[in-house]
Amino acid sequence: MPTAVVLNLARLGPVGAALPAPGTWGSLAGLLFFWVFFRNQGEIVNVIAAACAAYFAVGICGEAEIRLGRHDPGEVILDEFVAMPFCFIGWGWLAGSFPPWAVMLAGFALFRFYDIRKPMMINSIQELPGGWGIVADDVAAALATCATLHVAHLAWAII
């Protein structure tokens, strides 16, 4: 693909290159991506579609890294975008007990926390080569977010 196409996909058009805090904007775009395409689907469809999007992002983000000549450049935000749907696996259970906006807000905040701080083994996942490291650490942050949301939901149900 031409460099302009690769970089536009990796940056989500002008979002990654033009705005401050590009990862936050990429995550917000991913939240919208989830809301429009995933929230009314079944869990199996969600996981398969999110995994396919993440696999696509591995290639695009890896290629963008090569063409920009920098390791995991901040303006490459396709990884945050495609990871957000993983935060909400089990959406029906979570949103059935809490207002959807509250689940979305909590998921967004937790994802940004895990993506920025990279606790547990998330930081080491980032060391995978090329696009795998760029995308896998965000998917791991999203799965940590999902687990946290479900544990919090379970704790709320018990109390």
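**Terms and the values behind them**

Tutor: Proline 20 is located in the loop that runs between H2 and H3, where helices are DSSP runs (H or I, at least four residues; strands, E, at least two) numbered from the N terminus. The model is predicted, so local features need pLDDT of at least 70 and side-chain atom pairs pLDDT 80 or more, while totals for chains, interfaces and linings use all residues. Residues are numbered from 1 along each chain as its sequence is written, and side-chain values use heavy atoms, with hydrogens and water left out.

Student: Why is proline 20 called exposed?

Tutor: Its relative accessible area is 60%, and the term exposed applies over 50%, with buried meaning under 20% and partly exposed in between (1.4 Å probe, protein chains only); proline 20 is therefore exposed. The C-alpha atom of proline 20 is separated by 17 Å from that of aspartate 72, a residue 52 places apart from it along the chain.

Student: How do you know whether alanine 95 is buried or exposed?

Tutor: Alanine 95, which belongs to helix H6 (residues 91-97), has a relative accessible area of 19% and is therefore buried. Leaving aside neighbours within four places in sequence, alanine 95 is in contact with Pro100 and Val103, contact meaning heavy atoms within 4.5 Å. Between the C-alpha atoms of alanine 95 and leucine 110, 15 residues apart along the chain, the separation is 16 Å.

Student: What makes glutamine 126 count as buried?

Tutor: Glutamine 126 has a relative accessible area of 14%, so the residue counts as buried, and its place is the loop between helix H8 (122-125) and helix H9 (130-158). Not counting residues up to four places away in sequence, glutamine 126 touches His71, Asp72, Lys118, Gly133 and Asp137.

Student: What makes arginine 11 and glutamate 75 a salt bridge?

Tutor: The closest N and O atoms of arginine 11 and glutamate 75 are 2.7 Å apart, and the rule asks for a side-chain nitrogen of Lys or Arg within 4 Å of a carboxyl oxygen of Asp or Glu. This pair links distant parts of the chain, 64 residues apart, with arginine 11 in the loop between helix H1 (3-10) and helix H2 (15-18) and glutamate 75 in the loop between helix H4 (43-68) and H5. Arginine 11, at 19% relative accessibility, is buried, and glutamate 75, with 18%, is buried as well. Glutamate 75 also forms a salt bridge with arginine 70, where the closest N and O atoms are 2.5 Å apart; arginine 70, at 40% relative accessibility, counts as partly exposed.

Student: How many salt bridges does the rule give, and which residues do shared partners join into one network?

Tutor: By this rule there are six salt bridges. One of them pairs aspartate 137 with lysine 118 at 2.7 Å, N to O, and it connects helix H9, where aspartate 137 lies, to the loop between helix H7 (100-117) and H8, where lysine 118 lies, across 19 residues of the chain. Aspartate 137 is buried at 1% relative accessibility, and lysine 118 is buried at 14%. Through salt bridges that share partners, Arg112, Asp115, Lys118 and Asp137 are joined into one network.

Student: Why are H3 and H5 called oblique to each other?

Tutor: Helix H3 (residues 22-37) and helix H5 (residues 78-87) pack at an angle of about 45 degrees, with their axes 7 Å apart; the axes are lines fitted to C-alpha atoms over the stretch in contact, and angles run from 0 to 180 degrees between N-to-C directions. Under 35 degrees counts as roughly parallel, over 145 as roughly antiparallel, 65 to 115 as roughly perpendicular and the rest as oblique, so H3 and H5 are oblique to each other. On the H3 side the contact includes Gly23, Gly26 and Phe33, and on the H5 side Glu80, Phe81, Met84 and Pro85.

Student: What makes H1 and H4 oblique?

Tutor: Their axes come within 9 Å and cross at roughly 120 degrees, and H1 and H4 are therefore oblique to each other. In that contact, Thr3, Val6, Leu7, Leu9 and Ala10 of H1 meet Phe56, Ile60, Glu63, Ala64, Arg67 and Leu68 of H4.
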